[in-house]
Amino acid sequence: AAAAAAAAVQPQEERAGAGVSASNSSRTGASSGSNTNSSSSSNIWDPPIGKLAKPGATRSFPGKGRGVFWPRMPCLRCGCPWWQGEDWDAKCMRCGWDCESDGYDDNSNPLPKYAARYRTFVEAFKEGKTPEWKGKAKK
């Protein structure tokens, strides 16, 4: 019965997690919790779901390369949880912003001026979505 239940769930995870792989990477301040929302992901920027929704998971972004998922530290400019790498100088996959110079303190907490925005982004991730952003990416 457990095998049948797992098989029934697998196709949805494959669709939603296409191109996503989990890794054992860790970024300072990244939470070890996982998003267990089972809704399907319809936007390339949305977080992975199920067992793939772990900090350090990777996804390929056409024309942009490999992104690393950090739900504990979303981009405070556009709300994207995907970064170009694992280091503090990594830039957001979607908009190109970096949090090294402004946004997070030395303990990986958002600065007070970003606290409300941060909470909004994290709540969206819990629902399996990344907030929409209509700005332009930095070049």
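Predicted model: local features only at pLDDT ≥ 70, side-chain atom pairs only at ≥ 80, totals over all residues.

Author: Buried means under 20% relative accessible area, exposed over 50%, and partly exposed in between, with a 1.4 Å probe and protein chains only. Residues are numbered from 1 along each chain as its sequence is written, and side-chain values use heavy atoms, with hydrogens and water left out.

Rings of Phe, Tyr and Trp (its six-membered ring) pair if their centres lie within 6.5 Å; planes under 30 degrees apart count as stacked, over 60 as edge-to-face and the rest as tilted. The count under this rule is five aromatic pairs. One of them joins Phe61 and Trp82 edge-to-face, at 5.4 Å centre to centre with 70° between the planes. Phe61 sits in strand β2 (residues 58-61) and Trp82 in strand β4 (residues 82-83), so this pair links distant parts of the chain, 21 residues apart. Strands here are DSSP runs of E with at least two residues, numbered from the N terminus.

Trp82 also pairs with Phe69; this pair is tilted, with 5.2 Å centre to centre and 45° between the planes. Because Phe69 lies in strand β3 (residues 65-69) and Trp82 in strand β4, the pair ties together parts that are 13 residues apart in sequence. Phe69 and Trp82 are both buried. Ring pairs link Trp45, Phe61, Phe69 and Trp82 into a cluster.

Key
Helix = DSSP H or I, 4+ residues; strand = E, 2+ residues; numbered from the N terminus.
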